[in-house]
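Visitor: I would like to learn how to read a protein structure step by step. May we look at one together?

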Amino acid sequence: MSKKAGKSYLLCVNNKGYEAALEPRKLYQVLPDELAAARGYVRVIDESREDYLYPQTRFIPLKLPLAARRALARAS
């Protein structure tokens with residue numbers, strides 16, 4: 001994704017085992033981490049407002065329209 005396109009987000013679909021850190025049906029900002037991705041993990045900013053690795057199976061990627069990405073960027 002280009003810098004102009006904005007940040008990427010994932011939708012949490014399963015927080016089992018991570019109930020304090022993740023909320024189902026909530027969007028989380030994803031940070032690029034190729035090494036983690038190669039091992040089946042994603043790096044997201046969770047409820048602690050810190051970035052941590054979680055299994056990719058806990059999330060689904062979303063392709064948000066530019067207006068939505070801009071609104072999320074303003075809100076954070």
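**Rings and strands**

Guide: At 27% relative accessibility, tyrosine 18 counts as partly exposed. Please keep in mind that this is a predicted model.

Visitor: Is tyrosine 54 buried or exposed?

Guide: A residue is called buried when its relative accessible area is under 20%. Tyrosine 54 has 4% relative accessibility, and therefore this residue counts as buried.

Visitor: How many aromatic pairs does the structure hold, and what is the geometry of the one between tyrosine 18 and tyrosine 54?

Guide: The structure holds three aromatic pairs. In the pair of tyrosine 18 and tyrosine 54, the ring centres are 5.0 Å apart and the planes are at 85 degrees. Planes over 60 degrees apart count as edge-to-face, and so this pair is edge-to-face.

Visitor: How many residues apart are tyrosine 18 and tyrosine 54 in the chain?

Guide: Tyrosine 18 lies in the loop between β1 and β2, whereas tyrosine 54 belongs to strand β4. The pair thus links distant parts of the chain, with a separation of 36 residues.

Visitor: Which strands stand at the edges of the sheet?

Guide: Five strands form an open, antiparallel sheet in the order β4-β3-β2-β1-β5. Two of these strands have a single partner each, so one side of each is left without a neighbour in the sheet. The edge strands are β4 and β5.

Visitor: What is the bridge partner of valine 30 in β3?

Guide: Strands β2 and β3 pair in the antiparallel sense over two bridges. Strand β3 covers residues 41-45, and the partner of valine 30 there is valine 44.

Key: Residues are numbered from 1 along each chain as its sequence is written. This is a predicted model: local features need pLDDT of at least 70, side-chain atom pairs count only at pLDDT 80 or more; totals for chains, interfaces and linings use all residues. Side-chain values use heavy atoms; hydrogens and water are left out. Rings of Phe, Tyr and Trp (its six-membered ring) pair if their centres lie within 6.5 Å; planes under 30 degrees apart count as stacked, over 60 as edge-to-face and the rest as tilted. Helices (H or I, at least four residues) and strands (E, at least two) are DSSP runs, numbered from the N terminus. Buried means under 20% relative accessible area, exposed over 50%, partly exposed in between (1.4 Å probe, protein chains only). Two strands pair if DSSP finds at least two bridges between them.
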